[in-house]
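Hi everyone, thanks for coming. I have one model to show you today, so let me put it up on the screen.

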Amino acid sequence: MWLKVTSCFTRESMSKLSRAFLRSRCYVKLGDAERALQDAEDSLKDNKEFFKGLYQKAEALYTMGDFEFALVYYHRGHKLRPELQEFRLGIQKAQEAIDNSIGSPSSVKLKTKGDPSVFHKSNGVHPKHPIHSHKKHPRQHGQKVPKIEKTAKQLLGELYSDREYLEKLLQDEDLIKGKIRTGENVQDLIVGCISYLDTRTEFWQQQKPIYARQRDRRLMQQQWNRAFHKSTSDPSRYFLTRLEEIDAALSAGNVESSLKKAGELMKEAHNMSEEALPDKKEVLGNLHSSIGNALMDIGKMDEALIHHKKALELARQGDLTDSKSRALDNIGGVYARIGKFQQAIEVWEERAPLARDGFEKTWLFHEIGRCYLELKRYAEARDYGSRSFEAADEISDLRFQLNSSVLMGQAELELGNKDSVVYYERALDRAKVLQDDTAIEGIQKALHDARQRMTQ
């Protein structure tokens, strides 16, 4: 709970601050991050240290996908009010989003602890990297579809075809010149829809490793395939449809709505026998997983952990391998976010043998290595960094080749080994191929420092 604030403000000025702050909270819940940001900034006009305003500004920036800026404001608030859990949890989730970022300059972590100074910005401007520009698809010219477009397709799923349709509409010159009844230009509406999908693509990409999203969709598809052969009145179809609604609500940021729906559906599932609902364990496991993820989003880690552990118990009872993998991923994620790195390692090491492909392995080994680095167990961190690099090399994933090389460089440097320079140089090579200027700058600085330490 927010603590009461006493200040020298007049009742009128405090009322204005409160209104702006409350409007900002509402806009965040509605998904209108830009208006939320504007109101948060308005609440800070008269007092730059109004901690509620700082929190709302950080939340709005986070929702917009500006994770580095969000981290800065979470830190500012935490410095003013270190006793408040909201800022601490905000720092954790912003750091995690940055770490999980694919193709973002800030995905290279060159320090063990969260520190806003590691995020280099040019002239204070946060660079944007849109997933697509609004141009014709390469496939229209017989070109190979770039990897980034395939990533977007994986993330958006069925919405990707909607995005393609919107792009086709943009090519209709007569259509885009028109206006709708409210007076808005059709072109502006279409471009706005495409921009929204691009923003959500980038946001989803940074929120969760892509292999985990692929696995979750595979789980849902497997359930649908089973339900397809059953009658439309079969309870499995009903529960699966409701589960997709819950997942959609959570993806859209409607945490309270998803929690309410999941709670209601949980009661319905519990009241059914296994004869009436043969997939009862799987359904309950999915619900516990959804509730756990929603609770993580609002910072209730202890409660989230209970639900993810229950999902794991049900997966083991039903011998559901993919569901078990998901539960172990989530449990490890909770432990890592609350700083229990040894527990995260133990869970993720149990998870490792279940990894299906290189994408799962490179991410998992990298996360375990990061935990060992946090625990100052540098030899283990280096070894897992090496395993992550090998897995990334097998699937030609340059981004994780870069990340794992940085991890190995950090570990070797702490061990006092000259090999740290070699790994940083390898990371620098990958950053240049990726044309990631900010990563290049950060790695060059780390490389310079490593060389200095080695000479000393």
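Predicted model: local features only at pLDDT ≥ 70, side-chain atom pairs only at ≥ 80, totals over all residues.

Residues are numbered from 1 along each chain as its sequence is written, and side-chain values use heavy atoms, with hydrogens and water left out.

The mean pLDDT of the chain is 75, and 72% of its residues reach 70 or more; pLDDT is the predictor's confidence in each residue, from 0 to 100. Residues 1-14 have pLDDT below 50, with 20 contacts beyond near neighbours in sequence, where contact means heavy atoms within 4.5 Å. Residues 102-147 are also below 50, and that stretch has 105 such contacts in the model.

Now the helices, which are DSSP runs (H or I, at least four residues) numbered from the N terminus. How do helix 3 and helix 4 cross? Helix 3 (residues 51-64) and helix 4 (residues 67-80) have axes that come within 8 Å and cross at roughly 160°. That makes the two roughly antiparallel, the term for angles over 145 degrees. Among the residues making the contact are Leu54 and Tyr62 of helix 3, and Phe67 and Leu80 of helix 4.

Last, Met64, which sits in helix 3. Met64 is partly exposed, at 23% relative accessible area (between 20% and 50%, with a 1.4 Å probe, protein chains only). Its C-alpha atom is 9.7 Å from that of Val28, 36 residues apart along the chain.

Note on methods
Axes fitted to C-alpha atoms, helices over the stretch in contact; angles between N-to-C directions. Parallel < 35°, antiparallel > 145°, perpendicular 65-115°, else oblique.
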